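User: Could you walk me through this model one question at a time? I am new to reading structures.

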Amino acid sequence: MTADTPTILILGRNGQVARSLEEQLIAHGRTVVKVGRPEVDLCDPSSVSRVIRVARPAWVINAAGYTAVDRAEDETQAAFAANAIGAQAAALAASEAGAPIIHFSTDYVFDGTKAMPYVETDATSPLGIYGQSKLEGEQLIAKVNQQHVILRTAWVFSPFGANFAKTMLRLNRERPTINVVDDQHGNPTYAPDLADIVCRIIARLSESPSDQNNFGIFHAVNNSPTTWCGFAQAIVEGAAQRGAPHATVNPITTKDYPTKAERPKYSVLSTNKLAKVYGVRLRPWQDALSDALDRLIGRRNEKPSHRLQQDFG
Ligand SMILES: NC(=O)c1ccc[n+]([C@@H]2O[C@H](COP(=O)([O-])OP(=O)(O)OC[C@H]3O[C@@H](n4cnc5c(N)ncnc54)[C@H](OP(=O)(O)O)[C@@H]3O)[C@@H](O)[C@H]2O)c1
């Protein structure tokens, strides 16, 4: 680690965003160190501070977090420990090392009562513990490190880890019909696209580190909102085009599929601020989904690859 190879420290080892970041940053020629549990645990803030103090990175990206939305209702303390206190520890240690922090938050900071895309300045009012813990994380980070970029994202999918797209592909193989909620609206977001945005943000901040406009909260989601059902239908259709079965996706209502945590009915995010400040906009999720399915299954009209069988078998 030298002054001419600024190191980017990623918190979070196996998560979908962490793995996408590692892939994209290395492809952009960056030096990356990725750390995670058990050595670095957000619920043990001293482990977070220690690793940042020792590594002295030029950048800290916190891609770790407590992401189990329903379980959080029963594990309030763990959710706040990781998403609020742990995130604050990362931001503070980054600040002490003179490093900006890039952090991820969620559309679930909103209650979903708005009828048009949420902007960054809209009032927050999370419906559940997960959203509350993420909101507190945003606020604590902003207090301790002025050089923060908080990217609120949503409905993340990728070739990595556990996510809705991979669950739908498994159900598509196992069942003739799948019931999916059709009255919650949001933006499916491809983790590698999000990682690409982070690469651009780092490039910009490296050029103009003192421009305060570049810091703050930004919404970063793929374009073109849909419902979970619309997303599921596209996944199943894309899978069928690649030789997989084609289950019927039935629209149902949230009432028909009760969950422990209440979700916003409408959490579509406007990305105009990101476009204005950084000059970037994420593509429509449909294009990103096609890339994801190419990686997970194989290209259109090809036989499903062995990787699919292993990943979902
Ligand atoms: N997934 C979504 O739909 C979504 C939507 C909006 C915002 N976000 C935000 O985006 C960020 C990344 O999410 P993701 O989709 O990549 O989540 P993910 O796939 O569930 O990965 C979460 C990561 O956090 C790590 N982690 C969890 N608790 C930890 C702890 N106490 N200490 C250290 N590491 C811990 C996990 O570590 P292990 O590998 O050890 O399990 C994993 O690497 C999170 O801040 C999340 O809130 C995600």
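This is a predicted model: local features need pLDDT of at least 70, side-chain atom pairs count only at pLDDT 80 or more; totals for chains, interfaces and linings use all residues.

User: Is Lys260 buried or exposed?

Analyst: The words have cut-offs: buried means under 20% relative accessible area, exposed over 50%, and partly exposed in between (1.4 Å probe, protein chains only). Lys260 has a relative accessible area of 54%, which means that this residue is exposed.

User: Which side chain does the side chain of Lys260 join in a polar contact of 3.3 Å?

Analyst: Start with contacts, meaning heavy atoms within 4.5 Å. Leaving aside neighbours within four places in sequence, Lys260 touches Asp70, Glu73 and Asp74. A polar contact is a pair of N or O atoms within 3.5 Å; within protein, one must be able to donate a hydrogen and the other to accept it, and residues adjacent in sequence count only if both atoms are side-chain atoms. At 3.3 Å, the partner of the Lys260 side chain is that of Asp74.

User: How many residues surround the ligand?

Analyst: Asp41, Leu42, Thr67, Tyr130 and Lys134 are the closest. By class, the shell has eleven nonpolar, nine polar and four charged residues, where Ala, Val, Leu, Ile, Met, Phe, Trp, Tyr, Cys and Pro count as nonpolar, Asp, Glu, Lys and Arg as charged, and the others, Gly among them, as polar. The number of residues around the ligand is 24.

User: Which element gives the most to the shell around the ligand?

Analyst: Look at α1 (16-27), β4 (101-106) and α4 (129-144), each of which supplies at least two residues of the shell. With three residues, the one that gives the most is β4.

User: How much of the ligand's accessible area does the protein cover?

Analyst: Backbone atoms reach its oxygen atoms at several places: a polar backbone atom of Val17 is 2.9 Å from one, and a backbone N or O atom of Phe104 lies 3.4 Å from one. On its own, the ligand has 900 Å² of accessible area, and the protein covers 83%.

User: Which backbone nitrogen lies 3.3 Å from a polar atom of the side chain of Thr189?

Analyst: Thr189 sits in strand β9 (residues 189-190), and it counts as buried because its relative accessibility is 0%. A polar atom of its side chain lies 3.1 Å from the backbone oxygen of Ala154. The backbone nitrogen at 3.3 Å from such an atom belongs to Asn222.

User: What is the phi of Trp155?

Analyst: Most residues other than glycine have a negative phi, and most peptide bonds are trans. Trp155 lies in the loop between β5 (148-153) and β6 (156-157), and its relative accessible area of 7% means that it is buried. Although it is not a glycine, Trp155 has a positive phi of about 45°.

User: Which two residues does a cis peptide bond join?

Analyst: Go to the loop between β2 (31-35) and α2 (45-55), where Pro38 is found. Omega is about 5° at the cis bond, which joins Arg37 and Pro38.

User: What distance separates the C-alpha atoms of Tyr108 and Arg263?

Analyst: Tyr108 has its place in the loop between β4 and α4, and it counts as buried because its relative accessibility is 10%. Its contacts, leaving aside neighbours within four places in sequence, include Tyr130, Trp155 and Arg263. Tyr108 and Arg263 are 155 residues apart along the chain, and their C-alpha atoms are separated by 7.1 Å.

Key:
Residues are numbered from 1 along each chain as its sequence is written. Side-chain values use heavy atoms; hydrogens and water are left out. A residue is near a molecule or strand if one of its heavy atoms lies within 4 Å of it. Accessible areas come from the Shrake-Rupley method with a 1.4 Å probe; for residues, only the protein chains shown count as cover. Helices (H or I, at least four residues) and strands (E, at least two) are DSSP runs, numbered from the N terminus.
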